[in-house]
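This report covers two chains, how each is divided, and how they touch.

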Amino acid sequence: MGDFLGQYGFLIVTMVQAGLLGLSLYFPLQAGQLSLASPGFYAVGGYVAAILLTNPAFAGWRDALGNGMFPLTWLAAALICGVLGLIVGVPALRLRGIYLALATIAFIEILRVISLNLSITGGAIGIFGIPQAFGFQDRWQYIWLFGPLLILTLLFARQLERSRVGRAFRAIREDELAADAMGVPPTHYKVLAFVIGAVLAGLVGAMSAPFLNTWNAKQGTFDASIAILAFVLIGGSRNIWGPVVGGALLTAVPELLRFLADWRLVINGLVLVVASLYLPQGIVGALGGVRRPPPPRRPPSVPVVVEAPGGGS
Amino acid sequence: MNRAALTIALALIASVSAEKVQTPVPIGVALAQTSNTALLGQEQVIGARLAEKHINAHGGIGGTPIKLVFQDAAGDENSAINAFQNLITKSNVVGIVGPTLSQQAFAADPIAERARVPVLGPSNTAKGIPQIGDYVARVSAPIAVVAPNAVRQAMKLDPKIKKAAVLYAQNDAFSVSETEAFQKAAKDQGISVATVQKFQTTDTDFTTQVTAVLNADVDLVILSGLAADGGNLVKQLRQLGYKGLIVGGNGLNTSNIFPVCQKYCDGVIIAQAYSPAQPSAANQLFVKEYRAQYKKDPPQFAAQAYAGVQVMTDALRVLDRKKKLAQWDLDELRAALNKQILAGKYNTPLGELRFDKEGEILQKDFYVAQIRMKDAKTGTFVFLK
């Protein structure tokens with residue numbers, strides 16, 4: 001058991017972490033917004049935590065708060081990412097579909113270049129020597145942070161889906177114009193969905209900085225956005241379990257196949273291709289399809305025989 | 001619940017670690033075998049493999065062969081941590097050579113530090129690596145030591161140099177640290193830095209930077225980048241009419257640069273932590289074995305990885321003489337190995353090496369070379385005295 005946790009503890013926590021990042025993309029997607037900004041907020045959250053935990057300017061706070069500093073970093077990261085999400089979201093969400101995706105990629109690039117050039121973020125080397133949350137010694141102990149966050153997020157997502165806000169999200173996803181006509185303000189709800197995703201990604205980032213021991217500009221890149229998008233698409237984008245399953249699976253596959261050496265990347269690629277070809281609804285979507293009876297189909301069009309007046313030809 | 005689980009886990013870990021050292025002696029190697037860092041990592045893997053072959057062909061450690069256990073650390077932090085965890089808990093290695101990048105070292109080395117497993121960084125050159133912990137040392141000289149030599153050499157070639165332009169890849173940790181060392185070295189030599197230009201390792205068009213350099217009217221260009229971007233920058237500088245000397249950083253110390261800047265590479269001065277021309281017997285043997293297999297001179301990354309494996313084995317040999325390795329408890333050996341690594345003196349292909357008490361390398365020789373191109377594709381690094 002100890003051996004197992006020593007070897008796979010880090011992986012298990014990264015699986016949960018990947019699921020959470022997938023969920024951060026899932027919220028905007030619920031309102032029909034294809035945003036790739038999650039890694040940006042993830043990086044910002046990590047930087048906020050790393051700076052608060054290592055910068056000499058905050059030494060006084062750290063001494064005064066002790067372990068209370070960690071929840072403070074989460075709070076700070078969530079707050080900063082929320083505000084940043086609002087600032088970016090309001091103008092960016094005037095765009096739709098692929099244009100929004102492009103704008104969010106631009107946002108990630110801007111953040112990356114800024115963090116490379118600031119001295120407070122440590123430039124290209126980044127910030128290192130980040131103290132361990134609550135004196136955790138082994139990587140698997142971080143499950144005590146990421147696990148509850150995942151459960152809370154899933155509960156939140158479930159409640160959200162059933163609420164008025166969730167229904168508004170779905171209405172906008174299905175048809176923005178119609179939703180607007182029905183009195184659902186699209187901008188308001190789109191920004192809300194975007195900010196929820198931003199706050200979640202920021203929180204995950206803040207928890208990840210001590211988990212990874214170091215933080216640098218490589219954390220929030222375009223590659224990461226594509227990876228997170230793959231979590232959601234492979235897992236299934238219409239169900240809260242989709243991003244969680246997709247994130248866990250895509251993180252685990254290359255690691256569990258380590259014994260295959262270079263071939264593990266080939267297998268990983270195959271999983272991506274096969275899943276996207278044969279499971280267009282994602283893994284969870286496909287599983288749901290098995291259990292649920294097929295949706296009612298339109299009755300086959302029966303040729304309508306019209307009796308000609310007069311009794312025939 | 002939390003505490004109970006912790007206690008059980010700790011007890012299990014404790015029971016596991018009373019293990020003996022395996023034979024052949026497993027040494028972990030966590031390098032970038034995939035990802036975009038693999039360009040460097042593959043050279044390191046070759047170096048490590050050569051070391052293993054050489055050591056085992058010469059009787060291993062007092063008759064016991066060594067076995068390198070490779071785990072791909074790719075180019076990201078997560079993979080490096082996973083590779084380290086695998087080596088430490090599954091393969092029960094006595095020590096680890098790796099990872100490739102400094103950023104990865106900042107993520108993965110604390111794992112080894114907590115598990116009390118000695119780590120030798122083969123190519124981690126950023127400031128603060130040996131300070132990660134007691135169990136972390138490196139065989140790669142920090143840039144602050146290597147870079148000034150090249151600037152001094154440029155002054156020797158052209159004593160009239162007054163103004164320099166400094167260029168660096170701002171998204172590469174190595175180049176960012178190196179440029180600081182270069183700028184300081186230039187100022188120490190009485191050269192004024194007229195302009196500092198940044199680029200990205202992924203850039204291909206450097207017109208903006210080159211124009212700024214030409215406008216500044218400098219007689220020395222100091223360039224920190226990697227092979228592809230650095231090579232292209234050299235090429236575009238020459239194509240647009242820059243005539244003065246060019247000093248390239250350690251990232252350009254690879255023959256991979258020749259196909260990129262082709263005949264324009266000629267004359268570039270390179271700071272090296274390793275030179276195939278190093279005259280020691282250890283190096284000449286390494287160069288011979290490398291040439292026999294790969295038909296070219298060994299690059300620095302291969303030599304450093306070779307040195308990493310060699311240092312670990314030499315230290316193990318000393319311990320083996322005290323008590324046969326197979327009789328040691330793994331934990332005990334790891335701790336003793338760490339002490340022994342720092343205490344010893346090693347004759348490696350890099351020249352004579354020692355470590356200070358933090359694990360920082362004390363390397364005796366550094367080298368400066370100038371590129372000489374035979375034709376468009378092939379060239380050599382000519383060792384400058």
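Two strands pair if DSSP finds at least two bridges between them. Helices (H or I, at least four residues) and strands (E, at least two) are DSSP runs, numbered from the N terminus. The model is predicted: local features need pLDDT of at least 70, side-chain atom pairs count only at pLDDT 80 or more, and totals for chains, interfaces and linings use all residues. Residues are numbered from 1 along each chain as its sequence is written, while chains are lettered from A and ligands numbered from 1 in the order in which they are written.

**A sheet in chain B**

In chain B, S11(B) pairs with strand S12 (residues 351–355) in the antiparallel sense, over three bridges. Within this part, B:Thr348 stands opposite B:Gly351 of S12(B). The sheet is open and has three strands, in the order S11-S12-S13 (chain B), with antiparallel pairing. Strand S11 (346–348) and strand S13 (361–363) of chain B are at the edges and have a single partner strand each, so one side of each is left without a neighbour in the sheet. On average, neighbouring strands of this sheet are turned by 35 degrees against each other, direction ignored. Helix H11 (residues 300–322) of chain B packs on the sheet and touches S11 and S12 of chain B; the direction of H11 makes about 150 degrees with that of S11(B). For such angles, axes are lines fitted to C-alpha atoms, for helices over the stretch in contact, and angles run from 0 to 180 degrees between N-to-C directions. Two residues are in contact if their C-beta atoms, placed from the backbone, lie within 7 Å.

**Chain B as a whole**

Chain B has twelve helices and 15 strands. Its radius of gyration (taken over C-alpha atoms) is 22 Å, close to the 21 Å that the globule rule gives for 385 residues, so chain B is as compact as a globular protein of that length. The globule rule is 2.2 Å times the number of residues to the power 0.38. Along the principal axes, the C-alpha atoms of chain B fill a box of roughly 70 × 50 × 35 Å. Of its 385 residues, 55% count as buried, that is, with 20 or more other C-beta atoms within 10 Å of their own, the C-beta atoms being placed from the backbone. Among contacts in chain B between residues at least 6 apart in sequence, 71% join residues at least 24 apart.

**Domains**

In chain A, ten residues of domain 1 are in contact with eight residues of domain 2. Helix H2 (38–54), H5 and helix H6 (143–162) of chain A each give two or more residues to the domain 1 side. H6(A) has the largest share of that side, with three residues. In chain B, nine residues of domain 1 are in contact with nine residues of domain 2.

**Between the chains**

How many residues of chain A are in contact with chain B? The number is 28, and they meet 31 residues of chain B. On the chain A side, helix H1 (2–30) and helix H5 (97–117) are the elements that give two or more residues. H1(A) gives the most, with eight residues.

Methods: Buried ≥ 20, exposed ≤ 12 C-beta atoms within 10 Å, placed from the backbone.
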